[in-house]
Amino acid sequence: MTQRLHLVFGGELVDPTKNAFKNVDDIHIVGIFPDYASAYDAWKSEAHRTVDNAHMRYYIAHLHRLRDEETSASSTEELE
């Protein structure tokens, strides 16, 4: 069974109309979640916690989409 991992992260943006972080070193990594539902719950919690700051944004990254399971891995991608 293929895992569908999701990363929830966020931070303060330079401009609320763009997706550039003010300080990459200050990005808040909420966590990696095994399914979209739990990632969404974590995202929603952080988004609500920071709702009063228009420059704060949280995102859900679909980690499983970063890897094509049909393509062989390079020798440096997977270590045995």
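This is a predicted model: local features need pLDDT of at least 70, side-chain atom pairs count only at pLDDT 80 or more; totals for chains, interfaces and linings use all residues.

Colleague: Where is H64 found?

Modeller: H64 is in the segment after strand 3 (56–62).

Colleague: Which residues does H64 touch, leaving out those up to four places away in sequence?

Modeller: Q3, R4, L5 and H6.

Colleague: What makes the pair of L5 and H64 a polar contact?

Modeller: A polar atom of the H64 side chain lies 3.4 Å from the backbone oxygen of L5. The cut-off is 3.5 Å, for N or O atoms that can donate and accept a hydrogen.

Colleague: Which residues make up the largest nonpolar core?

Modeller: There are 5 residues: V8, F33, A39, A42 and I60. What makes them a core is that they are buried and joined through side-chain atoms within 4.5 Å.

Colleague: What is V8 in contact with, beyond its neighbours within four places in sequence?

Modeller: The list includes F33, A39, A42 and I60. H28, I29, V30, G31, W43 and Y59 are on it too.

Colleague: How many helices and strands does the protein chain have?

Modeller: 1 helix and 3 strands. From the N terminus, the order is β-β-α-β.

Colleague: And what share of the protein chain counts as buried?

Modeller: 22% of its 80 residues.

Definitions and conventions
Residues are numbered from 1 along each chain as its sequence is written. Side-chain values use heavy atoms; hydrogens and water are left out. Helices (H or I, at least four residues) and strands (E, at least two) are DSSP runs, numbered from the N terminus. Buried means under 20% relative accessible area, exposed over 50%, partly exposed in between (1.4 Å probe, protein chains only). Contact means heavy atoms within 4.5 Å.
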